[in-house]
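Please examine the sequence and the three-dimensional structure shown below. A briefing on selected features follows, grouped by topic.

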Amino acid sequence: MKINLDDPNLTAFALGELTGAERTTMEQSIASSPEAQEFVAETRQLARLLKADYVADAQLPPERLPNVVAMREQRRLWSSTQWGSLAAALAIFAVIAAFAVTMIRREGGTFPQPGPSTVNLPVKAPLPEATIEAEAPPVEQTYAYQQPSATVPSDEKSEVPAAPPEVMADKPTADMKSYGYTGAGKTKVPAAPMKRMMSRNGVLEEGELPSRYRQDFNTATYDHVDENPFLPAASNPLSTFSIDVDTASYSNIRRFINSGSLPPKDAVRVEEMINYFSYDYHEPEGDKPFSIDLDSTACPWDPTHRLVRIGLKGREVANDKRPASNLVFLLDVSGSMMPAERLPLVKQAMRLLVEKLSEKDRVAIVIYAGGSGLALQSTTGDRKEVIMRALEELKAGGSTNGAEGIELAYKVALENFIKGGVNRVILATDGDFNIGVTNQGDLIRLIETKAKSGVFLSVLGVGTDNLKDSTMQKLADKGNGNYAYLDSIDEARKVLVQQINGTLMTIAKDVKIQVEFNPARVASYRLIGYEKRMLRKEDFNNDKVDAGEIGAGHTVTALYEIVPAGTGATDPAASVPPVDPLKYQSPNPNAAATTYVDPKRSGETLTVKLRYKKPDGDTSELTERSFTDNGSKFENAPADLKFAAAVAEFGMILRDSAHKGNGTLGAVIEWAMEGKGRDAAGYRAGFIEMARKAQTLKPREG
Amino acid sequence: MHSVQVEAVKIEGQEMDALMKRFERPLLQYATRILGDSDRARDVVQETFVKLQNERRAELDGAPAKWLFTVCRNGALNICRKEKRMTYLDQELLETRASDQPAPSEKLEAKEATGFLLRILGTLPPRQQEVLQLKFQNDLSYQQISEITQLSVSNVGVLIHNALKTLRQRYAQTAKDFLPFTPRIVS
């Protein structure tokens, strides 16, 4: 049947206005007409755009009607008093007060709320092409502190011998697979989400698509974060994660607190808070790209526990030694970017960066809104006037098609690729991708493909009420990139001027850390933060699994809270009920006897293993360090470690974490003051000030 | 005692504030479109909220948007009638009359505006703008719009259909003036 595209009923159908028989009839005619289907899809898209524009319009400076408020206040006053002139004066005051109150409420009321209140996009094409195939190399089961079979029955997974994966994938014979006991790397689950996933006990469970996978496809502003639990060292001796140099969560939290409210819990990523600060680690030796520092102290929020710090420091590169840079600014100029703290701030930030460039560097500007376009051809860094003028002329308007812009930006970056130089796309956006590929999963897959080209990515987040924090964090994560949130020009100066080399120059990529704990010394342990960076133990030696990058001069810090063995300290992991005994296997008879493989190692607390690749390399290198906790007290801890502990505890208090122990904001301030050190840039003082401000704020509901 | 009972059926306090916050701006835009002048529109919207304060809750019938737009519209039309301006009821004339809004590209130079589509929307006949605003800004159904505007439901349907058609055509066309590239709607 031929359908008339100029039928108002077709529009009515698209807008959900038809009901009953009319609707059924229309559905049937549309089903046979591709043009009609396209028309309906386009109409709905247009409706979404219109709605978005109306919403954006409502966020413009309000045309308030103070006189309405005035009339209400006046009536009230007049009915209760007859003091003419006084009432009038009061009324004026009331107008101003009411106006101010409304403004404040307006300011404060638009913060994004986490969780279920956000809209779920329809799940489209849920299975990405990339899968973890059976190529994962076997896990190195040569534990330092335990023999391979020395595991307790509570953890079937790690008992599975690391058989060659090919066998498990291609020949599912009468092995344990039939009972659901499967080995590493054999399930065809999408690579991207899979590798970040850990179930509650820290081990991936088969047959259950972890919830993070599903979260890849919604537009939730802040993804839900389940904190890492305490894990027993005997059954979970390995802890594996990817490094993270992002700092966005810290500046985002600061923005919330400065505007008078505590952040939503899921906006708090503790590792990004800790890593906002530089720590005084030693410089890398020889030609190593980074150094490793290990130290420990008593845990200040639970003195029976220990705190172990792993610190990495990337090699410093002098400003004049930075290789030639090929930069593409990918700037969101959509309508939502109009407010002063968005596009105008981005333009200011870009100007700061351009000032630091020289004739060997190149800059191009790609903008995107309803479509995308090249606003500035790749131009050498000495032609500052040309670049500045192009920046100046940018204006915000229209809706956002991020995907098209990303395509174009990478194309320009590749056309101007500098071999051996810095090749980087710098994306500045509020993350509101509302046309084109808006499905977060699709966007992230797009970026993942682009990252393979050797072009790195920096994501600069701006804006408040529609900051799509989770999208941007994932883009940076998958795009071999870093993510910073610009809440002010000062923050832009930190990221783009003071730490320009760290932001622009990647000195090692896919940096992974695996820690093995010695059960003789450690009853259980907990990694503080890094929830979104957890890897499976098998991923550590698998060079196909992507991980975080470290930039020149960057420091990366991870803290473990450890329950020492045999000291009678309360062990949160011990309260977890034991797992049922196995039906088809007997527990390894040697289990108890096989700990402490090497008597020389029996006193060690843990071993840290690190894998990384050179920025243009495909194979990883391994380094390893062992560490023995000397039981030192918190009073004697280095200032840096005290400060890191203060930041961690502040994050846990903001998250209202079950693991925050007996720490208070007051204690956080005290530790931070003790740990403030030289603080040349004043960042630590800023932290203390923020913690003081947080003391005056009420906790969020829920 | 008596007065307390009367108060309970009225809309007050936080609820009133919420309604004002939500609808003040849409109503202002709505009335301005009818009256062609924002000062009179302010008066009409103010009067609408004052009426809302005196209205019994039951009269709202759980649909404050419909109530507010109806009262606001009637207020604006009354002014039109009194001042013998071109009345909004003269549908045929309005359908064909070009909007006196400047074309988007001109307006852009005057003032950086928000939504791109909204600027194109300003070039549509006022009656079409009106129904689009009610539908997409205020999420009202065809039925509710019909009650507010005193048009038949099918009339509302035709207006929205035609408006979207024009909007779609002008979107690509006008975009060229604004952006240094041709945007496209990706469905």
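A:Y530 counts as buried because 24 C-beta neighbours lie inside 10 Å; a residue is buried if 20 or more other C-beta atoms lie within 10 Å of its own, exposed if 12 or fewer, and partly exposed in between, with C-beta atoms placed from the backbone. This is a predicted model, in which local features need pLDDT of at least 70, side-chain atom pairs count only at pLDDT 80 or more, and totals for chains, interfaces and linings use all residues. Residues are numbered from 1 along each chain as its sequence is written, while chains are lettered from A and ligands numbered from 1 in the order in which they are written.

**Two loop residues with positive phi**

- A:Y530 has a phi near 65 degrees, a positive value in a residue other than glycine.
- A:Y530 is placed in the loop between β12 (522-528) and β13 (548-551) of chain A; helices (H or I, at least four residues) and strands (E, at least two) are DSSP runs, numbered from the N terminus.
- A:D656, which is not a glycine, also has a positive phi, of about 50 degrees.
- A:D656 belongs to the loop between α19 (639-654) and α20 (665-674) of chain A.
- Is A:D656 buried or exposed? A:D656 is exposed, as it has 12 other C-beta atoms within 10 Å.

**The six-stranded sheet of chain A**

- Six strands form an open sheet with mixed pairing, in the order β7-β6-β5-β8-β9-β10 (chain A); two strands pair if DSSP finds at least two bridges between them.
- Strands β7 (372-380) and β10 (481-485) of chain A are the edge strands, each pairing on one side only.
- From one strand to the next, the twist averages 15 degrees.
- Strands of a sheet pair through backbone hydrogen bonds, either parallel or antiparallel.
- Strands β5 (residues 325-332) and β8 (residues 422-429) of chain A run parallel and are joined by seven bridges.
- The bridge partner of A:L327 in β8(A) is A:R424.
- Helix α10 (residues 248-258) of chain A packs on the sheet and touches β9 (456-461) and β10 of chain A; two residues are in contact if their C-beta atoms, placed from the backbone, lie within 7 Å.
- The direction of α10 of chain A makes about 10 degrees with that of β10(A); axes are lines fitted to C-alpha atoms, for helices over the stretch in contact, and angles run from 0 to 180 degrees between N-to-C directions.

**A residue in strand β6**

- A:V363 lies in strand β6 (residues 362-368) of chain A and is buried, with 27 other C-beta atoms within 10 Å.
- A:V363 and A:F329 are 34 residues apart in sequence, and their C-alpha atoms are 7.3 Å apart in space.
- Leaving aside neighbours within four places in sequence, the contacts of A:V363 include A:L327, A:F329, A:V354 and A:I387.

**A pair of helices in chain A**

- The axes of helix α12 (residues 343-355) and helix α13 (residues 384-392) of chain A come within 10 Å and cross at roughly 170 degrees.
- That angle makes α12(A) roughly antiparallel to α13(A); angles under 35 degrees count as roughly parallel, over 145 as roughly antiparallel, 65 to 115 as roughly perpendicular and the rest as oblique.
- A:K347, A:M350, A:R351 and A:V354 of α12(A) make the contact with A:K384, A:I387, A:M388 and A:L391 of α13(A).

**The five-stranded sheet of chain A**

- The order β1-β12-β14-β4-β3 (chain A) describes an open sheet of five strands with antiparallel pairing.
- The edge strands, each pairing on one side only, are β1 (231-232) and β3 (290-298) of chain A.
- Eight bridges link strand β4 (residues 306-314) to strand β14 (residues 555-564) of chain A in the antiparallel sense.
- Opposite A:V308 stands A:Y560 in β14(A).

**An enclosed strand**

- Strand β2 (residues 238-242) of chain A has five of its five residues buried, so it is largely enclosed by the rest of the structure.
- Five bridges join β2(A) to strand β11 (residues 506-517) of chain A, and the two run antiparallel.

**Chain B**

- Chain B contains eleven helices and zero strands.
- Of its 187 residues, 37% count as buried.
- The buried residues of α5(B) include B:L68, B:F69 and B:V71.
- Among the elements covering the buried residues of α5(B) are α2 (13-35) and α9 (126-137) of chain B.
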